[in-house]
Amino acid sequence: ARPRRRGIALLVAAVPLPALADGVAVRGVAPEDQAKYAGDTFSCLGASAGSASLPASAVNDNFCDCEDGSDEPGTSACAGQRITLFHCPNEGSVAAFVYASRVNDGVCDCCDGSDEWSSAPGAQAALPEWQRSRGGPPRQTPCPNTCAQEGRAIFKERARKEADLVSGIKTRKALIETAKREAVDAGKELETVRAQLPQLEEAEQKAKAAVDAAKEKAEQIRKKLEKAAEKSEAAATTTTTTTAPASEGVMPEGAAPEGGHAPEGGAEGGAVISEYTKWMEGAEKVDGLEGAPAKEATEDEQEEDFDPDDEDVNIVKPPGALTRFFAKIPGVEWLRKKMFGEGKPAHERAVDDAEKAHREAQSKVRESRVRVTDLERKVREAESEDEERLAYSSLDGRCINKKVAEYKYEVCFFDKAKQDSTSIGKWKGWEAPGVAKFDDGQYCPGGPERSLKVVFECAASEEILDVTEPSRCTYQAAVAHPAACREDLLEAIRSP
């Protein structure tokens, strides 16, 4: 028997054959690598390159001579390494590679059964005794060839994917052309918005100045009203003093002073109208004195009186003592407002209107500046001629969502991403073609900031396919979109 050489017996999917002889292929070797095994000698490949030459008969002799297993592509002798794999021809389907440990392990891994070559009729009997004793017991029956059935399913799925790619590539091209047209429109709009922005900023400044002016005028009116209220109180106090009891030396009601003349307006038992009463609504009708001549103001009072042409001053009366008294009682002011409304005077409403106009002007300026930023980005992307980015421009301003397990994920492109209400990142940019990054999300408890990687896959429309969490608070989403349908993928699927 042949002496044992160093090596490890492994179960691999392969059909051991001798080296090329008269055009016979070496089992377990792909067609493109067959030339490496031609000739009368063989040198180990890969990491074992440069080692001593082996005779051609050492290939597939069920002994592992090379560290990379390259001398045993069709047996399980070099199982355990991941460099040399067994090639399944799978005629009628798609060729494949399996690990050496799966050769002659009793399980059919190749659809043509080539990995279980030892179960073929007469295969064991044709081997020397020292080879038959290695590799474990063979299958008792050959593997059925299922390549035709498998091939039909594979080719049908391949045809479907190819059709989807062709359709997706067409949609992708349309998206790029649309993005280019929109970029031209964006450039025109950008010029318009930029030209309007100084006018909006000037209007905002004028609105602010109007607020300041309205507040200043309101303050002046407030001070005048306070002064008028103080004068009314003083007048009321004077009236109270003059109507004191007779014991205090005050003339009783209806009595005439010395000389027999009654006070003016008092002949019929009337009362003197105070300045305070004049401010009150309907004061001229008190005690039936409607049309009675009012008490003539002094020269000093006339100088301090309101300007009759100042409409803002004369539209409101100063609060009387009773009004101010009830205003101090908790709840009364609230009840008054509830029943009769705010009842703001014109000068206060003028301040409110000015502030509202200023807020609206500020909002227009902010919106205009944000729009300028967005339009500049669109124009920039179009000028860069980066079709990869242009293809995804249809996602601008779009949000797509999907519930995965117990969480709802929402991705707003070029903006932010959320898991329910928790931020898992803000738009960072593109990591690679078809791979986007969101970072700087909410911190995990005692951990890193949340982040999201979006990997796009070819499809007719945008959709979140799945969301996973490869590591703590680091998420990855598979998102379908026609922009991911590229020509190189079509070439790959069409290649044999």
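**Helices, a sheet and salt bridges in a predicted model**

Helix H8 has a set of buried residues, namely His347, Val351, Ala354, His358, Ala361, Val365, Ser368, Val372, Leu375, Val379 and Glu381. The structure described here is a predicted model. An α-helix has 3.6 residues a turn, so residues three or four places apart point the same way. Helix H8 itself covers residues 346-383, and its 38 residues should span 56 Å at 1.5 Å a residue.

Because Asp396 lies in the loop between helix H9 (387-391) and strand E5, while Arg377 belongs to helix H8, the pair ties together parts that are 19 residues apart in sequence. With a relative accessible area of 27%, Asp396 is partly exposed.

The loop that holds Asp396 leads the reader to strand E5, and with it to a sheet. This open sheet has 8 strands in the order E5-E6-E7-E8-E9-E10-E12-E11, and its pairing is mixed. Strand E5 (399-404) and strand E11 (463-471) are the edge strands, each of which pairs on one side only. On average, neighbouring strands of the sheet are turned by 25° against each other, direction ignored. Within the order, strand E9 (residues 435-439) pairs with strand E10 (residues 451-457) in the antiparallel sense, over 4 bridges. Val435 stands opposite Val455 in E10.

Salt bridges form the next topic. Side chains of opposite charge can pair when their charged atoms come close. The count for this model comes to 18 salt bridges. One of them links Asp212 with Lys208, whose closest N and O atoms are 3.7 Å apart. These two residues are 4 residues apart in helix H2 (residues 147-242), which means that about one helical turn separates them. Because its relative accessibility is 41%, Asp212 counts as partly exposed. Lys208, at 37% relative accessibility, likewise counts as partly exposed.

Two further examples complete the picture. The side chains of Glu410 and Lys418 meet in a salt bridge with an N to O distance of 3.7 Å. Lys418 is partly exposed, its relative accessible area being 28%. Finally, salt bridges link Glu157, Arg160 and Asp164 in a network.

Conventions. Residues are numbered from 1 along each chain as its sequence is written. This is a predicted model: local features need pLDDT of at least 70, side-chain atom pairs count only at pLDDT 80 or more; totals for chains, interfaces and linings use all residues. Side-chain values use heavy atoms; hydrogens and water are left out. Two strands pair if DSSP finds at least two bridges between them. Axes are lines fitted to C-alpha atoms, for helices over the stretch in contact, and angles run from 0 to 180 degrees between N-to-C directions. The expected span of a helix is 1.5 Å times one less than its number of residues. Buried means under 20% relative accessible area, exposed over 50%, partly exposed in between (1.4 Å probe, protein chains only). A salt bridge is a side-chain nitrogen of Lys or Arg within 4 Å of a carboxyl oxygen of Asp or Glu.
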